[in-house]
Amino acid sequence: MQQFWNLLLPYISPHIFALISKFLAYVDNYVYCLQFASNMHAYLLQDQEAHAAEMERTFIAIKPDGVQRALIAEIISRFERKGFKLVAIKIVVPSKEFTQKHYHDLKERPFFSGLCDFLSSGPVVAMVWEGEGVITYGRKLIGATDPQKSEPGTIRGDLAVVVGRNIIHGSDGPETAKDEIKLWFKPEELVTYTSNAEKWIYGVN
């Protein structure tokens, strides 16, 4: 290209040369901008795909003791403040037969019957929460099964005292979450929507 300009330079005026130089600079910038835009578009698509892939749902239930102690708003606010999204909620009084299905993996334990009796003893607030890492971090928000071993700042660590009245339940893994959501909710009860807060939480437009 430089040799081409050296041959052409004696035959064109400085004014024309300046115009051609500006035009070529514009073309170079335009091509660069196109390449940059293409790369950014690919990056954003990749980022959005990764974001979508990491989104998950978990089942959370406020047990009868949490309802009777008027802790519903307190518990919901902790999940909301973290940045998770509520996609289903209802208040029910489950039958003992229903709670036996919920705790089916504990049916061989000596405390199984008492556990089912308690969960069916009054209103339960059943919820489904959505977000990145909501299953794992939901468990961290809840705290250890034994409130005495729960860290301060967790729901059980701050609001519960004994194992038998630990106020809240949360799915402990992806498969458990799917099973519990399916047990407690019909598909049409789950709402899919985009929250205006998501771009501020995840940095995705």
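**Close-up views of a predicted model**

**View 1. Residue classes in the lining of the largest pocket.** Sorted by class, the lining of the largest pocket holds 10 charged, 10 polar and eight nonpolar residues. The model shown here and in the other views is predicted.

**View 2. The largest pocket and its centre.** The largest pocket holds about 680 Å³ of space. It is lined by 28 residues, and those closest to its centre are H102, Y103, L106, L115 and H169. Two or more lining residues come from each of helix 5 (96–102), helix 6 (112–119), strand 4 (168–170) and helix 9 (174–184). With four residues, helix 9 gives the most to this lining.

View 3. Four strands make up an open sheet, with antiparallel pairing and the order 2-3-1-4. Strand 2 (85–92) and strand 4 are the edge strands, each pairing on one side only. From one strand to the next, the twist averages 20 degrees. Strands of a sheet pair through backbone hydrogen bonds, either parallel or antiparallel.

**View 4. Strand 1 beside strand 3.** Eight bridges join strand 1 (residues 55–62) to strand 3 (residues 124–132) in the antiparallel sense. Which residue of strand 3 stands opposite R57? That residue is E130.

View 5. Helix 7 (residues 134–142) lies across strand 1, strand 3 and strand 4, and runs at about 30 degrees to strand 1. Helix 9 runs at about 60 degrees to strand 1 and lies across strand 1, strand 2, strand 3 and strand 4.

Key. Residues numbered from 1 in each chain as written. Predicted model: local features only at pLDDT ≥ 70, side-chain atom pairs only at ≥ 80, totals over all residues. Heavy atoms only, no water. 1 Å grid on protein atoms, 1.4 Å probe; cavity = no way out; pocket = protein on both sides within 12 Å on 5 of 7 lines; lining within 4 Å. Points joined across faces, edges and corners; volume = space filled by probe spheres on them. Nonpolar A, V, L, I, M, F, W, Y, C, P; charged D, E, K, R; others polar. Pairing = 2+ DSSP bridges. Axes fitted to C-alpha atoms, helices over the stretch in contact; angles between N-to-C directions. Contact = heavy atoms within 4.5 Å.
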